Structure formats: structure tokens, C-alpha cells
Amino acid sequence: MTANDAACGYSESYGKAYKLPVSAGDTFEIDYSASYQPYIEIKGPDTSAGYRWATAPATSLTTFYVAPTTGNVTIYAMSNNTTPVTGSFTMKILPLLPTPCGQKARAVRH
């Protein structure tokens, strides 16, 4: 992130914003790795109350989101710093598919 990127919130972070169209109930996982301490905010869709944030003390984090309504989700990929940092990042957005009929979903933490 650089000084050319947008200051977010109360200028506590600098980040890039990405919009993703979703339908109500869509679930996805975000894997975010960076050369700095990463921070993610997921808001929406659009004006809905849906919201999730995650930060990690290291250089990577994984989080998930379930869309409460249909519309556009905004994903903010940020540095968890009050000043701009220079670095690179990789972000993957992966759909979480429903389980086959008759099977119960299980949460697994790695």
C-alpha cells in the first residue's frame, strides 16, 4: 500500500477496495497474504448491515463471509498501520460450496 491508496475510516489504515456481486446466502473465503500486517474489512451487500473484519499478527490471514442479502459486497484489503507501507499482496476469493445432500456441514480449523 502506498500514499496514493485511499485512507480508510479515520485514516487508521490504507487500502484498496474491491466489489463482488453476491446473492443472499453466498458464502466465500478470503486468503490474504502480504509483506506487511494485513487487515480485511468486508461490508455489504450495498447498504445492508452485513459486516466482517479480520486482522492477523503475521503476514497472512484467512476469513469467510456469508452474504445476508443480494447486491455488491465491498472487500477492503488494507495494511494494519496508521501510515502507508510499501509492499505487495496476494488475495484469493474462493466460493464455499454447500455440502452434498444428506451430509452435515462441519467447521474445520487448521
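Reply: Begin with the strands: they are DSSP runs (E, at least two residues), numbered from the N terminus, and two of them pair if DSSP finds at least two bridges between them. This is a predicted model, in which local features need pLDDT of at least 70, side-chain atom pairs count only at pLDDT 80 or more, and totals for chains, interfaces and linings use all residues. Residues are numbered from 1 along each chain as its sequence is written, and side-chain values use heavy atoms, with hydrogens and water left out.

Me: In what order do the three strands of the open sheet stand?

Reply: Strands of a sheet pair through backbone hydrogen bonds, either parallel or antiparallel. Here the order is β6-β3-β8, with antiparallel pairing. β6 (60–66) and β8 (89–95) are the edges; each has a single partner strand, so one side of each lacks a neighbour in the sheet. Between β3 (residues 27–34) and β6 there are seven bridges, and Asp31 has Thr62 in β6 as its bridge partner.

Me: Which residue forms a salt bridge with Lys43?

Reply: A salt bridge is a side-chain nitrogen of Lys or Arg within 4 Å of a carboxyl oxygen of Asp or Glu. By this rule there is one salt bridge: Glu41 with Lys43, whose closest N and O atoms are 3.3 Å apart.

Me: Is Glu41 buried or exposed?

Reply: Buried means under 20% relative accessible area, exposed over 50%, and partly exposed in between (1.4 Å probe, protein chains only). Glu41 is buried because its relative accessibility is 13%, whereas Lys43, at 34%, is partly exposed.

Definitions and conventions. Helices (H or I, at least four residues) and strands (E, at least two) are DSSP runs, numbered from the N terminus.
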